[in-house]
Amino acid sequence: MFHRLLQLGCLFVSTSLFSAEHWAFQPLKPGKGTSIDDFIQKKLAKNGLKASSRADARTLARRASFDLTGLPPERTDVPYEQFVDQLLASPHYGEQWTRHWLDVARYSDTKGYVYAREEKNWVHATPYRDWVVRALNEDMPYDRFLLLQIAADQVVQSKSPDLAAMGFLTLGRRFLGVTHDIIDDRIDVVTRGTLGLTVACARCHDHKFDPIPTRDYYALYGVFQSSAEALAPCADGENAELTELVKKNRDLMTKRREEQMARTRAQAADYLKATRELEKYPEEVFGQLLDAKDLNPFIVHRFVAWLEKHPGVELNEAVLKQPGSPAFVPDEHIANIEMYFPTGVTTELWKSQGDVDRFLIKSSASPTHATVLVDRPLPSTPRVFNRGNPLTKGDAVPRQFLSLFGPQKPFTRGSGRMELAQAIIDPRNPLTARVMVNRIWQHHFGRGLVSTPSDFGKQGSPPSHPELLDWLAQRFIDSGWSIKAMHRLIMLSQTYQQSSQTSDPRDPDNRLLARMTPHRLSFEEARDAWLAAAGRLNLRVGGRPEGLFAASNTRRTLYALVDRENVPMVMRTFDFANPDLSIPQRTETTVPQQALFGLNHPFVVQQAKALVKWSAQSPVRHSADTDRVNFIYQRLFQRSPTSEELTSALAFVQADTTPVIAASEHSKSWHYGYGEWDEGTGRVKNFKPLPHFTGSAWQGDEAWPNEKLGWAQLTAEGGHPGNDRKHAVVRRWIAPAGGSYDLHSTLIHEPEVGDGIRAFVSHSRLGKLRSTMLLGTKADLQLDAIAFLAGDTLDFIVDIGNGLNSDQFLWSPKITPSVAATTGAGGDTPSDAWDAQKDFPTQPKSQLSAWEQLVQVLMLSNEFMFVD
């Protein structure tokens, strides 16, 4: 027997022995027990600990509601088991658990940094996100959930909505088109996400800790190298404009492919010569610029590979025209084949593809599309990159599954993606079920039974309750891979329903689960809860993303735009997952910036004001103020205030004193408004004050632009006119006393796009004094010795050209008494000056009323921001 093992190879022998040692690679060994509580109680008793008592009904309702839907409960009086079933049936269940999965799937709506020639937004991000929501709401069996995300193209028919599932593979960073990095990213998300294995660590050498040789990494590399990206409809429907764009793009691609193949065949002798001078043609050159006349290093190395594979075969015209020849350019998406073309052609093809992509992203009339992987007609046989360097290729390896699961047969069906998916979801594979039930457990208890949820290897943490983990994994498989059944099993246990109000110094980290562990709301949960409490949350499911703090965006945070290059700082501050990587578990930090956001950001203020306004409309049963406080506490905490809380709140709001902030005398001379320029009178008609001050700008509302006044805004330095000429912005100066005054000012319009701006200086008695039109330039607008009576006004007016386009401007005038009127015998300088920039209001944003301050403080309290 020993000699037989030697014949199989020492690598397999060591791998087999290693596998037998490590718990994660062994078959499932469910412990003896009939419930979760059996396993937990047994370990608590072994360590001299006791479980905590059951939490109260309100606490359980908040805990369950946030866990399953990410939203606060509307009611807390429903029997607990029935309440859990209602939450599992809610359409918002899928939204909450989709967010957890999107962290693992490194979801983003954008590609990250790409060349300007390429559309930066993903066509298929929204369809993928919405597919995950639907799949989880429908309780799609987890094995099929994974199968579709890896190989839907080989499971479902064309135009199936399930094709969107393949975003799991194709939503990663573009890596500027570097194929090796794109494939590495796909290997990593599949193996860490589904198996809890860090296979990508074997890219350059055998894994240092786990039985994953480099050969296994490149076996999987070959699977994805043999798969090509393709843009495919995942819904029925036709759109004439889209059809025309797609045809135009296809025709251009066909033309450029034929030209390139003809060019390569014509240069075949030069390419053959180049195979003997490879030092002149490096295979991997970042950002290489190629002309049509140049020999393409990528094609040179295709000739080398073809000659090695076909020794002694003549490369004549007939051979060169065959698919698979070094001159052949596959008929694939530009993302797969851009390296075949000269730089100018690549740019042209990406621009054409970008026209299609942008139409799909912006048009609601076109059918939904997905970016899928499809098997290439001729799959590749991968070779090991020695030390991870693609220039130093080693032995060829077959495409197959990981050897740590035992001897493997090479994949034979195309790329092998389907076989890879089937190997991952095979019930005999001990990792897949373990990894997923551990992820579910983690999001219910704050930490998995294995605290390294995407690393079940030797560097990961061992399970705190190994028998329970395997028992749950087996129950998961036996239930038909039902995620909802696993939720129900966990949430109906006594362990989950424990109070969090006790602790024991013998288990300070609560690894043994003698109590529930409190946790802070994620940023998504907090933002959604603020909106829900204020009665402003839009619960529409699915659809295109919107800017996180866009004025119109009151939807769940799941639907906020995720931009890899520019994740909003507030999301980073609240520990949002890095969309560049597969993130198994978010950190939970407490930093001052989180409190500062709650105190200062307009979004939180808006929700506080909305809740206060709503509370004023609530039915009055006792006293109006008492009922308002009760209403506010119910909305925020799902309970009534204690008598002490009620007394304190009433005392605070009934002693409301709005601070009076004194403005400087010069600041009082400036006013900020909007109106329409009247050419006939040379004055502004219908001057109205801009209604909202943000602390740095006067504008129509807290958000900018906004529904009230669009882009109209005035700042210390300049501003932006409104969306049309009826909404010119007007900076008005009121003369404090009669006399002669000089104007010193420079108007600047920097953008060289659009049609520029119009500007006017108008005196209330004298009419128009100056006017100009600017586009990407500046104008000095100076006036001397303007006569004023006390109360006369001088208006500085800016509106758009013929259309709204890049109309921002800089204009901060200065007004001084005329030199002739103020200079004495000693040649004194002017005694006073009104400077629009220096005199701009310095007071903070509009002060909150006592009611609004009360609600804002409660919205930032620990009781609101933490579960338990």
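Close-up 1. Asn-239 is buried, its relative accessible area being 14%, where buried stands for under 20% relative accessible area, exposed for over 50% and partly exposed for what lies in between (1.4 Å probe, protein chains only). The view, like those that follow, comes from a predicted model, in which local features need pLDDT of at least 70 and side-chain atom pairs count only at pLDDT 80 or more, whereas totals for chains, interfaces and linings use all residues. Residues are numbered from 1 along each chain as its sequence is written, and side-chain values use heavy atoms, with hydrogens and water left out. Asn-239 sits in the loop between strand E1 (227-233) and helix H12 (240-266); helices (H or I, at least four residues) and strands (E, at least two) are DSSP runs, numbered from the N terminus. Leaving aside residues up to four places away in sequence, Asn-239 touches Phe-359, Ala-365, Ser-366 and Pro-367, a contact being heavy atoms within 4.5 Å.

**Close-up 2. The salt bridge between Glu-338 and Arg-174.** The structure holds 50 salt bridges, each defined as a side-chain nitrogen of Lys or Arg within 4 Å of a carboxyl oxygen of Asp or Glu. In one of them, the side chains of Glu-338 and Arg-174 meet at 3.2 Å, N to O. This pair links distant parts of the chain, 164 residues apart, with Glu-338 in the loop between helix H16 (334-337) and helix H17 (343-362) and Arg-174 in the loop between helix H9 (167-170) and helix H10 (179-195). Both partners are buried, Glu-338 with a relative accessible area of 11% and Arg-174 at 3%.

**Close-up 3. The salt bridge between Arg-417 and Asp-375.** Arg-417 forms a salt bridge with Asp-375, and the closest N and O atoms are 3.0 Å apart. Arg-417 belongs to helix H18 (residues 417-425) and Asp-375 to strand E2 (residues 369-375), so the pair ties together parts that are 42 residues apart in sequence. Arg-417 is buried, with a relative accessible area of 0%, whereas Asp-375 is partly exposed, with a relative accessible area of 25%.

Close-up 4. The side chains of Arg-527 and Asp-528 meet in a salt bridge with an N to O distance of 3.9 Å. Arg-527 counts as buried at 0% relative accessibility, and Asp-528 likewise counts as buried at 2%. Elsewhere, salt bridges that share partners join Lys-111, Arg-117, Glu-118, Arg-174 and Glu-338 into one network.

Close-up 5. A search of the whole structure finds 0 disulfides, a disulfide being a pair of cysteine sulfur atoms within 2.5 Å. The cysteine sulfur closest to that of Cys-201 belongs to Cys-204 and is 9.7 Å away, too far for a bond. Cys-201 counts as partly exposed at 42% relative accessibility, whereas Cys-234 counts as buried at 4%.

**Close-up 6. Backbone features in two loops.** Phe-175 has a phi near 50°, a positive value in a residue other than glycine, and Phe-175 is found in the loop between H9 and H10. Leu-176, with a phi near 55°, also has a positive value in a residue other than glycine; its place is in the loop between H9 and H10, and Leu-176 is partly exposed, with a relative accessible area of 24%. A cis peptide bond, with omega about -5°, joins Trp-704 and Pro-705. Pro-705 is found in the loop between strand E9 (697-699) and strand E10 (713-715).
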